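Hi,

Here is the structure I promised to pass on to you. Have a look at it first, and then read my notes below.

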Amino acid sequence: MKISSAGTKTGAMSVNHHISACPKAEEAQCASFCYVESTYARYKSVVNQDSLNLDIITGLLEAPEVLAKVYSAAFKSAKVQNARSFRLHERGDFISPDHFKAVMLACRDFPNTIFWAYTKSYHCVDVSVVPA
């Protein structure tokens, strides 16, 4: 799984996946003017990284505990434990409730880092698994 070292919006590290999997893009009617398309046009390597992450996520969606370990290992490799904050999906969104659960389980391994995520995938959010 690829971690972006510093997002252009916030300067924080982030983990992203290809926007083709944004579950509410059509309903929110934002797919046709999504700012990520210009990012993909300018930075071809970003498309490949996001696609790789999406492949990993979708391949492990049925096993959220395993996916959580993959996220946690990627976070450790990127030294997220030393980061004050970390942005979940600067590009993309929560794909399913199991995806949300996996990310929240991984975030628990980094109690000194503040994680944040902007989302339109309200159908995925389960506040009972959100760490303090």
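Helices are DSSP runs of H or I with at least four residues, numbered from the N terminus. By that rule, T39 sits in helix α2 (residues 36–42). T39 counts as buried because its relative accessibility is 14%, where buried means under 20% relative accessible area (1.4 Å probe, protein chains only). Leaving out residues up to four places away in sequence, T39 touches V46 and R91; a contact means heavy atoms within 4.5 Å.

Before you go further, please note that this is a predicted model, in which local features need pLDDT of at least 70 and side-chain atom pairs count only at pLDDT 80 or more, while totals for chains, interfaces and linings use all residues. Residues are numbered from 1 along each chain as its sequence is written, and side-chain values use heavy atoms, without hydrogens or water.

Next, the aromatic rings. Rings of Phe, Tyr and Trp (its six-membered ring) pair if their centres lie within 6.5 Å, and planes over 60 degrees apart count as edge-to-face. The whole structure has seven aromatic pairs. One of them joins F94 and F100 edge-to-face, at 4.9 Å centre to centre with 80° between the planes. F94 and F100 are both buried. Elsewhere on the list, Y71, F75, F86, F110 and F115 make up one aromatic cluster.

Y71 and F75 also turn up in α4, among the residues that meet α5. On the α5 side, the residues in this contact include H99, A102 and L105.

Happy exploring!

Terms used. Helices (H or I, at least four residues) and strands (E, at least two) are DSSP runs, numbered from the N terminus. Rings of Phe, Tyr and Trp (its six-membered ring) pair if their centres lie within 6.5 Å; planes under 30 degrees apart count as stacked, over 60 as edge-to-face and the rest as tilted. Buried means under 20% relative accessible area, exposed over 50%, partly exposed in between (1.4 Å probe, protein chains only).
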